[in-house]
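Hello,

Here is the structure I promised to pass on. Have a look at it first, and then read on for my notes.

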Amino acid sequence: MSEETAVVRRTKSTNCAFCGKLVRRIKMYYRNGKYYCSKRCFKKMQEKLAKEKESEQAS
Ligand SMILES: [Zn+2]
């Protein structure tokens with residue numbers, strides 16, 4: 001977890017859906033209704049979601 005997550009949401013800023021880092025508009029990566037700070041975080045999130053789905057189906 002990054003320090004940014006502890007900061008009270010005063011400003012309407014966007015955080016990366018995966019790592020929680022503050023996403024600057026210029027670097028914003030928008031996919032499937034969520035914002036990511038980079039393409040890498042998006043890929044990691046997809047992997048995470050895929051794994052979660054797998055475990056759901058396994059149980
Ligand atoms: Zn990120």
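Following the sequence, the protein chain runs in the pattern β-β-α, with 1 helix and 2 strands in total. Helices here are DSSP runs of H or I with at least four residues, strands are runs of E with at least two, and both are numbered from the N terminus.

Two things about conventions before the details. This is a predicted model, in which local features need pLDDT of at least 70 and side-chain atom pairs count only at pLDDT 80 or more, while totals for chains, interfaces and linings use all residues. Residues are numbered from 1 along each chain as its sequence is written.

On confidence, the mean pLDDT (the predictor's confidence in each residue, from 0 to 100) is 84 for the protein chain, and 78% of the residues reach 70 or more.

Now the burial. I call a residue buried if 20 or more other C-beta atoms lie within 10 Å of its own, exposed if 12 or fewer do, and partly exposed in between, with C-beta atoms placed from the backbone. By that rule 12% of the 59 residues are buried. The largest nonpolar core has 7 residues: Cys 16, Phe 18, Val 23, Tyr 36, Cys 37, Cys 41 and Phe 42. A nonpolar core means a set of buried Ala, Val, Leu, Ile, Met, Phe, Trp, Tyr and Cys residues joined through C-beta atoms within 7 Å.

H1 has 20 residues and spans 29 Å from its first C-alpha to its last, close to the 28 Å expected at 1.5 Å a residue; the expected span is 1.5 Å times one less than the number of residues. Because 2 of its 20 residues are buried, H1 lies largely in the open. Phe 42 belongs to this helix, and it counts as buried because 20 other C-beta atoms lie within 10 Å. Contacts, meaning C-beta atoms placed from the backbone and within 7 Å of each other, link Phe 42 to Tyr 29, Arg 31 and Tyr 36, leaving out residues up to four places away in sequence.

Which residues does Cys 37 contact beyond its neighbours within four places in sequence? They are Cys 16, Cys 19, Lys 21, Val 23, Lys 27 and Tyr 29. Cys 37 sits in the loop between S2 and H1, and it is buried, with 21 other C-beta atoms within 10 Å. Its C-alpha is 9.3 Å from that of Thr 14, although the two are 23 residues apart in sequence.

Finally, a backbone detail to look at: Asn 32, in the loop between S1 and strand S2 (34-36), has a positive phi, near 50°, without being glycine. Most residues other than glycine have a negative phi. Asn 32 counts as exposed because it has 10 C-beta neighbours inside 10 Å.

Best wishes

Terms used: Contact = placed C-beta atoms within 7 Å.
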